[in-house]
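Here's a quick briefing to read with the model open beside you. It goes topic by topic, with the cut-offs spelled out as they come up.

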Amino acid sequence: MTEKKNWEPKIVAFLCNWCSYAGADLAGTSRMEYPPNVRIIRVPCSGRMNPLFVIKCLMKGADGVLISGCHINDCHYSEGNFYARRRFAVLKKLLEYTGIDPRRFQMSWVSASEGDKWAKVVRELVDEIKSAGPNRLVDRQTHSAEV
Amino acid sequence: MKIGVFVCHCGTNIAATVDVEKVAQEAAKLPKVFFATDYKYMCSDPGQNLVKEAIAKHSLDRIVVASCSPSLHEKTFRICVEAAGINPYLIEMANIREHCSWVHHDREKATAKAIELVRLAVAKVSCNRPLQKTYVPVEKRVLVIGGGISGIQAAIDISFAKYPVVMVEREPSIGGRMARFDKTFPTLDCAACILTPKMVTVAQSKYVTIHTYSEIEEVTGHVGDFTVKIRKKSRCVDLRKCTGCGACFAKCPVKVPSEFDLGLGMRKAIYVPFPQAVPNIPVIDRRNCLYFKTKKCGLCKKACLAEAIDFEIQDEIIEQKFGAIIVATGFTQFDHSVYGEYGYGKFKDVITGLHFERMVNSSGPTAGKIIRPSDGKEVKDVVFIQCVGSRDEQKGMSYCSRLCCMYTAKHALLLKEHNPDSQAYVFYIDIRAAGKNYEEFVKKVQDEYGAVYLRGRVSRIFEKGGKLIVKGADTLSGSQIEIKADLVVLATGLVAQEEAVKLAQMLHIPYDKNNLYTEAHPKLAPVETITSGVFLTGACQSPKDIPDTVATASAASVKALGLLIQDKLEREPLIAKVDNKLCSSCQACIKACPFNAIEPEEIEDRQLKRKRIVAKVIEGVCAGCGNCTAVCRMSAIDLEGFSNRQIMEEIEAL
């Protein structure tokens with residue numbers, strides 16, 4: 001990924017089917033405009049998220065990754081988001097340790113009735129990733145391979 | 001593999017912001033994509049036929065539909081492709097409406113995003129596997145939570161179809177809010193006269209079991225097979241022995257304010273909340289009972305000839321299975337103490353509409369006399385203030401509670417009927433009387449009953465010379481108003497029950513920012529929730545008047561019966577599966593599963609030539625959350641429909 005003047009970040013968002021995906025649907029139904037930088041991948045639950053998925057996104061050159069689930073205590077599967085919260089607190093530390101800007105990986109809790117919150121989460125996320133700049137993980141890899 | 005991509009215009013909903021033709025053209029260039037086209041309405045009959053014909057003509061074996069959210073039409077297209085001979089799980093949807101065209105304005109960027117979303121869906125569908133639906137038996141019994149008018153109506157409707165119903169009510173009697181009302185708008189039917197027959201019907205039905213003074217403890221399972229724990233709180237009265245004679249509460253020496261009469265009247269420590277209670281069996285209020293406080297007294301026990309009173313009776317937990325659940329938990333009143341200017345709590349003669357309702361009720365604490373709670377004098381000038389807590393984003397709820405305009409008009413009418421010399425003043429923001437004969441009713445109250453309607457807010461209420469001085473504005477005449485009132489009635493709005501969230505979490509149903517339960521679709525699935533088998537009725541979903549409540553109760557009953565009449569229910573096969581070869585029997589998945597849906601299983605390992613333990617998914621129990629997949633270090637357990645490979649392919653396609 002080369003840096004251009006009008007660079008636009010590419011962000012991957014994994015949304016749980018029951019709360020956040022439905023919340024994003026509601027943002028659509030309510031015609032709430034937000035920047036088009038986010039690609040949504042639907043998963044049944046934030047607890048489905050394997051940390052490898054996040055790592056793979058970053059390796060593929062995604063500038064940011066978001067996991068969004070039901071609010072704590074409101075998980076459609078009772079406990080999935082508890083697992084996700086713990087799992088990704090650890091992953092965030094690990095990513096930071098490996099030199100990845102912690103802003104690139106974030107979590108949020110958006111319910112099915114929070115279309116406005118989803119739009120806000122995306123706006124803020126895009127702003128933050130923009131301030132973090134492009135993900136150079138891929139560049140670094142190719143560069144070291146050349147050497 | 002031959003993938004077909006079908007891009008929908010959705011009229012102009014998608015086509016206005018996304019260049020759908022370009023999306024189809026770009027999709028056609030993707031590997032494995034054999035055919036791509038666009039059409040005005042893909043979900044319409046001709047649209048679906050287009051898909052079916054393309055499948056036949058080009059022998060397509062996997063389909064991507066780029067249109068709206070899968071929550072809306074995934075099922076539609078599964079049925080569609082199945083009819084064309086493709087396994088229904090070999091389709092994926094790219095959500096280019098809710099997640100793209102409706103939220104972006106820049107046509108170029110939206111089109112680029114739509115193309116990418118289609119690319120993701122194509123990548124995913126190429127890894128989909130054909131799946132077979134599984135079936136589970138249906139428990140032929142419905143649970144109705146809440147014994148107000150909505151729960152009662154739902155239980156009656158289901159019992160008419162001869163299916164068993166269990167009704168759980170938190171209070172000692174069924175009847176709910178409606179049991180407290182005097183008359184109902186706009187017909188002025190006596191509330192008790194239309195409610196109590198229904199209460200009796202439901203109590204006498206051999207298909208209905210009522211658990212009053214009971215609460216839901218735990219809900220597990222899924223549609224067709226819910227297991228519910230019900231806590232039957234101890235009344236200290238044996239329901240089988242009690243004859244309802246009332247000798248016990250006649251003897252009880254303790255008097256406390258009655259909850260049913262909102263503190264306007266008194267009740268005993270052993271009491272029946274109101275005379276028409278169902279069941280007509282008293283309950284001991286342990287907090288106030290002298291026996292529980294001092295271990296002395298026991299007068300009620302001595303008075304009971306049926307020997308029904310037993311202080312040692314403990315709470316009972318009932319565990320039962322249900323095929324469907326109807327939530328009819330109703331509402332509570334807005335806490336108007338935030339409006340200091342109205343002086344509620346400070347002035348005894350500032351009351352709420354529900355207090356007025358009890359007072360005007362002939363079986364209420366004042367036997368139908370409208371008096372000042374402070375000195376018991378008859379009232380003459382009464383000020384009604386509407387929208388207390390409703391339509392107020394600062395202090396109250398943003399929504400309109402829908403009934404307050406109507407019940408205030410009713411109160412103004414009843415006031416005039418009870419005290420012909422009285423005068424009603426109503427402060428309002430707008431009159432919202434949308435309903436059959438509602439507008440006419442409000443007009444009648446103004447024209448024939450002389451209620452003075454003032455458009456404006458009240459700024460302050462204070463006491464002077466034994467009267468309440470109400471200061472407000474009449475915005476239509478642009479003048480300041482000051483009224484010397486005997487009584488002020490606040491039309492408090494309707495809000496969610498305090499424990500609404502707790503129950504929602506047990507049932508796994510979503511709720512909005514006001515804690516009101518959210519329906520599956522506001523227009524097309526108004527009584528369903530996203531948790532299949534759980535239905536909503538009445539004001540737990542949004543403020544509703546009695547006609548609407550009864551209508552939704554019948555609607556929810558039909559939905560529940562629609563489940564129960566089936567021999568077995570289809571279940572999505574999107575559940576976990578284990579690859580025995582890879583499973584290292586660490587059993588981490590068993591611990592991670594929130595549903596206890598994984599158990600160890602001993603298998604004969606032919607390579608190792610010995611027996612070993614692997615994980616086994618119990619089909620009917622697995623809910624498909626995928627939590628197990630994330631803990632499996634061998635990637636031996638995977639989730640159908642959202643497999644590791646499918647998600648990895650999606651990421652790869654970014």
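## A buried arginine and its partner

B:Arg358 is buried, at a relative accessible area of 2% (buried means under 20%, exposed over 50%, partly exposed in between, using a 1.4 Å probe and protein chains only). This is a predicted model, in which local features need pLDDT of at least 70 and side-chain atom pairs count only at pLDDT 80 or more, while totals for chains, interfaces and linings use all residues. Residues are numbered from 1 along each chain as its sequence is written, chains are lettered from A and ligands numbered from 1 in the order in which they are written, and side-chain values use heavy atoms, with hydrogens and water left out.

- B:Arg358 sits in helix H11 (residues 353-360) of chain B; helices (H or I, at least four residues) and strands (E, at least two) are DSSP runs, numbered from the N terminus.
- The side chains of B:Arg358 and B:Asp261 make a salt bridge at 2.7 Å, N to O (a side-chain nitrogen of Lys or Arg within 4 Å of a carboxyl oxygen of Asp or Glu).
- That pair links distant parts of the chain, 97 residues apart, with B:Asp261 in the loop between strand S13 (255-257) and strand S14 (266-268) of chain B.
- B:Asp261 is buried too, with a relative accessible area of 10%.
- Contacts of B:Arg358, leaving out residues up to four places away in sequence, include B:Ala179, B:Phe260, B:Leu264 and B:Pro365 (contact means heavy atoms within 4.5 Å).

**Chain B overall**

- Chain B has 18 helices and 34 strands, and buried residues make up 56% of its 654 residues.
- Its C-alpha atoms fill a box of roughly 90 × 65 × 40 Å along the principal axes.
- Chain B splits into domain 1 (3-125), domain 2 (142-233 + 315-330 + 498-564), domain 3 (247-303), domain 4 (334-495) and domain 5 (576-653); the bounds come from an automatic or database domain assignment.
- The centres of domain 1 and domain 2 of chain B, taken over C-alpha atoms, are 40 Å apart.
- Take the contacts in chain B between residues at least 6 apart in sequence: 69% of them join residues at least 24 apart.

**The nonpolar core**

- The largest nonpolar core has 50 residues, and B:Leu143, B:Ile216, B:Ile325, B:Val488 and B:Tyr517 have the most contacts inside it (such a core is a set of buried Ala, Val, Leu, Ile, Met, Phe, Trp, Tyr and Cys residues joined through side-chain atoms within 4.5 Å).
- Helix H14 (residues 500-507) of chain B gives the largest share of this core, six residues.
- Domain 2 and domain 4 of chain B each supply at least three residues to this core.
- Not counting residues up to four places away in sequence, B:Ile216 touches B:Leu143, B:Val168, B:Leu503 and B:Met506, among others.

**Where the chains meet**

- 49 residues of chain B are in contact with 46 residues of chain A.
- The area buried between the two chains is about 4200 Å², with carbon and sulfur atoms giving 58% of it (buried area is the accessible area, 1.4 Å probe, that two parts lose on being put together, summed over both).
- Six salt bridges cross the interface of chain B and chain A.
- One joins B:Glu74 to A:Arg42, with the closest N and O atoms 3.2 Å apart.
- H18(B) gives the largest share of the side of chain B that touches chain A, six residues.
- Buried residues in H18(B) are B:Asn644, B:Gln646, B:Ile647, B:Glu650 and B:Ile651.
- Their cover includes strand S1 (11-16), strand S2 (38-43) and helix H2 (51-59) of chain A, together with strand S4 (91-95), H5 and S34 of chain B.
- B:Glu652 and A:Lys60 meet in a salt bridge at 3.7 Å, N to O.
- B:Glu652 lies in helix H18 of chain B and A:Lys60 in the loop between H2 and strand S3 (64-69) of chain A, so this pair joins two chains.
- B:Glu652 is partly exposed at 38% relative accessibility, and A:Lys60 is partly exposed at 36%.

- Over all chains, a search of the whole structure finds 43 salt bridges.
- B:Asp349, B:Arg372, B:Asp375, B:Lys467 and B:Asp486 are linked in a salt-bridge network.
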